[in-house]
Amino acid sequence: MTPDHPARQLWLRMESLHAVTYFAPESIAAAADAGLKGFWMGYFGFRAAPLGPVPPGVVEAIFANFAPGRVRRAIPDAWRFASPETLVIARRQSAGVALRRLVPAIDETARVAVPVLDEMMTQADPFGRPLFAANRDLEPASDPVERLWQLCTTAREHRGDGHVAVLAAEGISGPHAHRLLLADRGHPESLYLQSRGWDSGSWAAASDDLSRRGLVVDGKLTAEGRELRVGVEARTDELAWRPFASLPAGVVDPLMAVIDDAARSVAASGEIPDQNPIGLPVADLRPGHH
C-alpha cells in the first residue's frame, strides 16, 4: 500500500466524513422516512440517486462490487417509492445533521474546506467517471455543512470510479477484490460475503481463480498477490490525486489539517465500526495513530 501518499491521507479523512451516510442513525432514518424499504434499498437509492432513475444494470456496473441480485432487489423499485431528486436532498440533509452532532467544529471545517474542494471538483476530469460526474453536477446545497459532505462524497466517487477502472484493467472482479482484501487484512469472510450479497458459488469461484493466478494461496496473499494489490492502490492514488496535484502547500496543508480534525471526531465517536465493508481503516484516526 501507499499509506503516506497525500491522496490516501486525504481519502481516509474525507471518507470518514462521507461514511456517516451509511452508519449514522439520522441517515438510515432519512432513507426510511423517504419511503425506501430496508437498509439496502436505502443504500442503493441514496447512493445511486445522483444518476437519476437508472435501471439496475447501470448501478451494477458502476458500483462494481455488489452481486447483481443484491442490486436488483433494490433498483429500480426504489424509484417507485421516492424520486431521485427527493433522495439527493434527504441524503445530504441527514448527513449534515449527523456531522453537526458528531463534529462540534464542523461549520469551521466547511468554511475552510468548501472553497478548495469546490474548485478542485470543478476542475477534475469526468472522463470515465460516471458517478463522480453525476455528483459533481448536483445543485449545490445552501447549507455549508451539507455542501462539505457533498464535496467529500463527490471526491470519494472520483476516486472510486478510478479504482474500478484500475481493477477492471487488472481483471479483478468484485469477489476477487474482496477476497484479496480479506487475504491482506485477515477480516472475517462474512464481512464482505454478507454485505455484498455474493452467493457461495461466485465466492468460491473467485477464490479458485485467485489461486490459479498465484495471487492467494491458503487464504494468504502471495508475493505476486501483494504486488498486484500495491500496484492497484498506487495507481488509484495517482489518479485520485490529479485534481489536487497543482495545489500549493499553502492550500493543501490547511485543508488536510481541518479535515483531519473533523475526521478524528467522527472516528472517536465510534459511529463507524473498525471492521466495515467499505474498507475504511477508521482506527488509524484514533489516538496513537498519525
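Figure 1. L151 touches V114, L117, D118 and M121, not counting residues up to four places away in sequence. Contact means heavy atoms within 4.5 Å. This is a predicted model, in which local features need pLDDT of at least 70 and side-chain atom pairs count only at pLDDT 80 or more, while totals for chains, interfaces and linings use all residues. Residues are numbered from 1 along each chain as its sequence is written, and side-chain values use heavy atoms, with hydrogens and water left out. L151 sits in helix α11. Helices (H or I, at least four residues) and strands (E, at least two) are DSSP runs, numbered from the N terminus. Is L151 buried or exposed? L151 counts as buried because its relative accessibility is 8%. Buried means under 20% relative accessible area, exposed over 50%, and partly exposed in between (1.4 Å probe, protein chains only). L151 and A113 are 38 residues apart in sequence, yet their C-alpha atoms are 9.2 Å apart in space.

**Figure 2. L117 and the largest nonpolar core.** A nonpolar core is a set of buried Ala, Val, Leu, Ile, Met, Phe, Trp, Tyr and Cys residues joined through side-chain atoms within 4.5 Å. The largest one has 74 residues. Those with the most contacts inside it are V20, F44, F63, L117, L148, F244 and I259. Helix α16 gives the most to this core, with nine residues. Leaving aside neighbours within four places in sequence, L117 is in contact with M14, L148, L151, C152, F244, L255 and I259. Another core lies apart from the largest one; it has twelve residues, among them V166, L221, L228 and L239. In soluble globular proteins, nonpolar side chains tend to be buried together.

Figure 3. Helix α16 covers residues 249-269. Its 21 residues should span 30 Å at 1.5 Å a residue, and its end C-alpha atoms are 30 Å apart, which agrees. The expected span is 1.5 Å times one less than the number of residues. Buried residues of α16 include V252, L255, M256 and I259. The buried residues pack against α1, α2, α8, α9 and α15. Just after α16, G270 takes a positive phi of about 75 degrees.

**Figure 4. Helix α15 and what covers it.** The 19 residues of α15 should span 27 Å at 1.5 Å a residue, and the end C-alpha atoms are 27 Å apart, which agrees. Among the buried residues of α15 are R229, E233, D237 and W241. Their cover includes α1, α11, α12, β2 and α16.

**Figure 5. The largest cavity.** On a 1 Å grid over the protein atoms alone, a cavity is a set of points where a 1.4 Å probe fits but cannot get out, and a pocket is an open set with protein on both sides within 12 Å along at least five of seven lines; lining residues have an atom within 4 Å of a point. Grid points are joined across faces, edges and corners, and a volume is the space filled by probe spheres set on the points. The largest cavity holds about 100 Å³ of space. Its lining includes W11, M14, M121, R156 and F244.

**Figure 6. The largest pocket.** This pocket has a volume of about 1,200 Å³. Of its 49 lining residues, W11, H163, E233, I278 and G279 lie nearest its centre. Which helix gives the most to the lining? Helix α11 does, with nine residues.
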